[in-house]
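Dear colleague,

Please find the structure below, handed over to you for your own reading. My notes on what was found in it follow directly after it.

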Amino acid sequence: MTDFKEFYAAHYAGLTVQVYAYFGDQHEAQEVVQEAFCRALARWERISAYDDPAAWVRRVAWNLATSRWRKLRSMWAFQSRERRDQVVDGPGPDRIALVDALATLPAAQRRAMVLHYLADLPVSEIADRESVSENTVRSWLRRGRIRLAEHLGPLHTEEAHA
Amino acid sequence: MPEEYTEEQTRAAFGALHTDMLPRFRPPGAEAAISAVRRKRRTAVTVTSAGVAAVLVAGAAFVTLSPADRAVVPPAASGKPSSRPAPPPWVQTSGPAGDLAAEAALKLGLQMDNKERRKKGLPPIIMAYAQAMTSNTGGGIGGGNNSDPKAVEFTIDVVCFGQGTVQVSFWTAPKTGHAKPKTAATSVEFPLTCSADPETVTKTIHVSAPLDLAYVNIRPDKSAIGKAAVAHQVRTP
């Protein structure tokens, strides 16, 4: 059986980055992911026997994030929320711009972008999770890439240096 | 055509975010998670209400699948005989009795791999879901897409794992008319008893008009809240 502490140390940060990209809030992301790992620990004997325990934790974290997001959305507008992570040692402006760009997408499209480009989930798995067709997911991803271009500035072509 | 980032540029942007943010999220330490779980377990043991005690007793009985149930579980890709596949994404394992949702899904053999079903000549699964029964369950209505204009019937397979009783409503209606079940032929309501070794209940209703959707509403009785989980799938017969 995989040791829980090793599993936790190996997967916590990566999963929190994904949920952070979805929420745009470091504290919310850490709370959600910590809760998911607590639930995994409570069932560790069974979870550790799964083919991919990390996938189980990721699903629980995303279910929690989606559920919590619905509550947050009704409390305030995402754009006007005071950011607790914009402090001196916070993420750089480019990273904030990316998260801000994602924030302008509908929740399902934002999830698709994060799950595909951060969690490396294939389109088929995202389609299953969101109960939509694969073409819908590809459309979401394309709209997300357009939104990134709108918010992150014009595309730059790197010139090869001799 | 609007300008868009390429796959490469998008992955690079996300990769930079990952690199930048990863060091900022140091895990609080597994000890924090272990302490939190121990606190929850101590609280559960010291509560003396009969309802919570029943959950603990029932939970112990649900940990091990019966040999018949194990046959439903597909073989693990790794070939390890002791490993089990994780529940599919549409199984809601969060919240109280979340474990029961996973067990209910396994009992039903819940699956939505319509490509595999088509290969075997089976009709597609329109809707599949498994969730624990909470005090909030029953307020929503699930609607399954029906892309087959020739479908004349829908069938639901449903099972309840745990304790208590749930009320199941199953009907067809247009997308805009989900709150208005029509005739006895296009709707059915029935109580479903939950148990540690439940039988799957199957009901079939008539599709009133081409491309009508299937709707399912499951409402737990007080006896089932926090102590039961329901798995269901809707298909054409």
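Helix α1 of chain A passes α2 of chain A in a right-handed crossing; a crossing is called right-handed if the near helix is turned clockwise from the far one by less than a right angle, and left-handed if anticlockwise. The model is a predicted one, in which local features need pLDDT of at least 70 and side-chain atom pairs count only at pLDDT 80 or more, while totals for chains, interfaces and linings use all residues. Residues are numbered from 1 along each chain as its sequence is written, chains are lettered from A and ligands numbered from 1 in the order in which they are written, and side-chain values use heavy atoms, with hydrogens and water left out.

To stay with this pair, α1(A) covers residues 4–23 and α2(A) covers residues 26–42. Axes here are lines fitted to C-alpha atoms, for helices over the stretch in contact, and angles run from 0 to 180 degrees between N-to-C directions. The residues of α1(A) that meet α2(A) include F4(A), F7(A), Y8(A), H11(A) and Y12(A). On the side of α2(A), the partners include V32(A), V33(A), F37(A), A40(A) and L41(A). Contact means heavy atoms within 4.5 Å.

Chain A as a whole

Chain A has eight helices and zero strands, and its pattern along the sequence is α-α-α-α-α-α-α-α. Helices (H or I, at least four residues) and strands (E, at least two) are DSSP runs, numbered from the N terminus. Chain A contains 162 residues, of which 56% count as buried; buried means under 20% relative accessible area, exposed over 50%, and partly exposed in between (1.4 Å probe, protein chains only). Its accessible surface is about 7700 Å², with 48% belonging to carbon and sulfur atoms. Such areas come from the Shrake-Rupley method with a 1.4 Å probe, and for residues only the protein chains shown count as cover. Of the contacts in chain A between residues at least 6 apart in sequence, 66% join residues at least 24 apart.

Helices α6 and α7 of chain A

The axes of α6(A) and α7(A), the latter being residues 123–130, come within 10 Å and cross at roughly 145 degrees. This crossing is right-handed. From α6(A), the residues A108(A), R111(A), A112(A), L115(A) and H116(A) meet V123(A), I126(A), R129(A) and E130(A) of α7(A).

R111(A) sits in α6(A), which spans residues 107–117. With a relative accessibility of 9%, R111(A) counts as buried. Apart from neighbours within four places in sequence, R111(A) is in contact with Y22(A), W62(A), T66(A), R129(A) and E130(A).

In α7(A), the buried residues are V123(A), I126(A), A127(A), R129(A) and E130(A). Seen down the axis of α7(A), they fall within an arc of 165 degrees, so they line one face of the helix. The arc is that of the directions from the helix axis to the C-beta atoms.

D120(A), in the loop between α6 and α7 of chain A, has a positive phi of about 60 degrees although it is not a glycine. D120(A) is exposed, with a relative accessible area of 55%. Just after α7(A), S131(A) takes a positive phi of about 55 degrees. S131(A) lies in the loop between α7 and α8 (134–152) of chain A and is exposed, at a relative accessible area of 54%.

Chain B

Chain B has six helices and nine strands. Of its 237 residues, 43% count as buried. Chain B exposes about 12300 Å², and carbon and sulfur atoms supply 57% of that area. Among contacts in chain B with a separation of 6 or more, 77% are between residues 24 or more positions apart.

The buried residues of α1(B) are T10(B), A13(B), F14(B), L17(B), D20(B) and M21(B). Viewed down the axis of α1(B), they fall within an arc of 125 degrees, so they line one face of the helix. On the other side of α1(B), E8(B) and T19(B) are exposed.

Finally, Q163(B) is found in the loop between β4 (153–162) and β5 (165–173) of chain B. Q163(B) counts as partly exposed, at 29% relative accessibility. Its C-alpha atom is separated by 5.4 Å from that of A228(B), 65 residues apart along the chain.

With kind regards
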